[in-house]
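Hi,

Here is the structure I promised to pass on.

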Amino acid sequence: MKAKSAIETRELTKKYGDLVAVDHLSLSIGYGEVFGLLGPNGAGKTTAISMLCTIVNSTSGSAQVNGFDILKQPAQVRKSIGIVFQDPSIDNRLSGRENLRLHACLYDMPSALTRKRIMEVLQLVGLEDRADDRMKFYSGGMRRRLELARGLLHSPKVLFLDEPTLGLDPQTREHIWAYIENLAKEAQITIVLTTHYMEEAERLCSRVAIIDYGKIKVVDTPDNLKSTLKGDVISISSAQPEKLASKLTKLKVAPETDFSDGTVRLTVPDAEKLIPRLIEIATEIGVQVNSVSVHKPTLNDVFLHYTGREIRADEPESPLKMHMMMMRRK
Amino acid sequence: MSELKKIYGLWYLEILRYWREKSRIISSLIMPLLWLLVFGGGMRGLQLDSTQNYQTFMFPGILGMTLLFSSVWSGISVIWDREFGFLKEILVAPVSRASIVIGKALGSGTSALIQGAILLPLAFLVGVHLSLLSAVTILPIMILIAIGLVCIGLLIASIITSMEGFNFIMSLVIMPLFFTSGALFPMTSAPGWLRTFSYVNPLTYGVDALRWATFGENLILPVQFEIMILLAFAAGMIAACSYAFNIRK
């Protein structure tokens with residue numbers, strides 16, 4: 001039996017007491033897609049993935065992964081998936097190869113296949129030379145790469161990546177992105193990744209779901225999402241952004257006026273021609289304009305458009321996790 | 001049997017971890033040695049009967065204590081795995097929860113066994129004459145005791161969420177189990193209320209079985225009943241832990 005889609009969720013919901021972490025999530029992700037769940041920290045991305053990975057129970061709704069029900073067939077779901085968790089999940093006292101061997105053992109891989117696959121995944125992430133070192137001597141980026149290798153070791157149908165480049169330096173991030181792109185092209189694998197980095201979603205994902213407060217706001221390709229904004233984005237930074245925003249809204253100079261973080265943003269078809277008029281209006285109401293910029297819409301603008309706020313990286317939740325992140329950043 | 005292979009993997013993981021923490025191995029030997037040589041040495045004058053002085057009497061008890069501390073601790077250390085995320089890697093794998101518990105219990109049991117085995121040759125220091133046969137009988141009893149105790153630690157780890165509760169557990173679980181087990185004094189001469197506690201403490205039967213293996217005679221029940229109690233305890237605890245691990249929040 002081959003399922004039509006790699007992942008199918010219907011009204012999937014998770015409540016913690018009064019808090020609705022994931023709110024009636026309905027999604028369909030096809031085989032071979034690189035699908036992004038884009039949203040700020042606390043939007044429910046990790047909870048959604050944890051339910052699909054069968055480590056957190058859903059409150060209501062249903063979901064299938066690779067055709068298997070997450071509640072009724074957790075063992076088959078687990079066999080079908082690989083995951084790289086947001087927080088480190090390797091044992092530092094073991095070497096990279098030992099971590100991989102344990103993984104192979106837990107997934108019941110035959111020993112000849114284990115040897116072959118360990119070679120392959122180590123090569124893929126460029127860690128052949130360091131495989132026998134204890135992982136406490138690895139850098140943060142190397143640990144992440146080994147986790148990626150481990151997630152792929154048992155050739156899963158669906159790979160979950162929860163914030164794959166969180167806390168990594170730009171160069172390492174670039175490497176990880178290259179591995180993921182390569183994987184999507186060659187390995188015929190479905191990838192579901194969560195991120196709050198716009199560039200990451202734009203670069204890697206064939207489709208993106210924007211998620212905020214546990215709800216899906218919109219699902220589409222990054223290009224389509226950007227073109228829904230119809231035009232360019234003008235950002236105005238000024239001394240009294242509120243006053244300016246309310247005046248501009250009243251005058252209806254643009255189809256859309258957003259205001260957040262001290263910046264007024266207008267989405268307009270013909271930005272260059274509108275700028276003099278904007279300055280004029282600002283001067284009329286006595287608001288001093290500090291700077292004006294025009295740019296093509298990015299996913300960040302799309303996110304702003306659908307949620308009314310900017311995506312922002314929050315602090316990690318517990319001191320221990322923060323400590324781990326600092327270790328990872330080394 | 002694929003589950004056996006997974007249990008083997010988890011067992012091997014525990015052994016590797018144990019082996020790589022040499023400082024833990026050494027530090028966990030210091031406490032039993034202090035008890036045996038210092039406390040036992042001080043009490044040595046207490047002649048219990050014609051063949052035993054206090055130091056020889058307490059030897060099987062100290063073996064039991066070593067198992068108690070290292071096993072319960074090893075079970076509780078799962079909190080660490082959970083905090084650092086490694087537990088997730090195991091929980092998301094297609095491994096039955098019972099196999100996870102059995103693998104962990106066997107692995108920690110084996111390391112507790114090594115710990116105890118290191119103490120065996122020191123028996124002569126306190127005047128216990130161990131035959132090879134008694135040494136060989138002691139080992140399986142030790143692993144049986146350790147399995148049940150690891151599961152106590154695992155159950156605690158599934159209830160408390162951080163290491164902050166550790167002192168509480170030390171004084172509420174570990175020390176009472178130690179003091180009511182008959183490791184330090186014969187329960188047969190203890191007051192009635194203390195005996196009642198002692199009889200519901202599984203470690204009592206463990207220590208008594210070790211006493212039987214060391215001296216050829218024991219105090220409480222015929223040894224085969226004690227072994228059955230230990231078996232039932234280990235099996236019951238594995239079942240309870242598998243259930244606790246199966247709860248997905």
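To start with strand 3 of chain A: which of its residues point one way, and which the other way? V34(A), G36(A) and L38(A) go one way, F35(A) and L37(A) go the other, and all are buried. By "buried" I mean 20 or more other C-beta atoms within 10 Å of the residue's own, against 12 or fewer for exposed and in between for partly exposed, with C-beta atoms placed from the backbone.

Some housekeeping before the rest. This is a predicted model, in which local features need pLDDT of at least 70 and side-chain atom pairs count only at pLDDT 80 or more, while totals for chains, interfaces and linings use all residues. Residues are numbered from 1 along each chain as its sequence is written, and chains are lettered from A and ligands numbered from 1 in the order in which they are written. Helices (H or I, at least four residues) and strands (E, at least two) are DSSP runs numbered from the N terminus.

The sheet in chain A

Pairing here needs at least two DSSP bridges between the strands.

Strand 3 of chain A pairs in the parallel sense with strand 8 (residues 190-195) over 5 bridges, where G36(A) has L193(A) as its bridge partner. With strand 9 (residues 207-212) of chain A, strand 3 is again parallel, over 4 bridges, and L37(A) is partnered by A209(A). Strands 9 and 10 of chain A are antiparallel, over 5 bridges, with V208(A) opposite D220(A).

Chain A overall

Chain A has 12 helices and 14 strands, and 44% of its 330 residues count as buried. Its C-alpha trace spans about 75 × 40 × 40 Å along the principal axes.

Mean pLDDT (the predictor's confidence in each residue, from 0 to 100) is 85 for chain A, and 92% of its residues reach 70 or more. Over residues 313-330 of chain A, though, pLDDT is below 50. Where pLDDT is low, the predicted coordinates should not be read in detail.

Where the chains meet

The contact takes 24 residues from chain A and 23 residues from chain B, counting two residues as in contact if their C-beta atoms, placed from the backbone, lie within 7 Å. On the chain A side, helix 2 (74-80), helix 3 (96-106) and helix 12 (319-329) each give two or more residues. Helix 3 of chain A has the largest share, 4 residues.

Cheers
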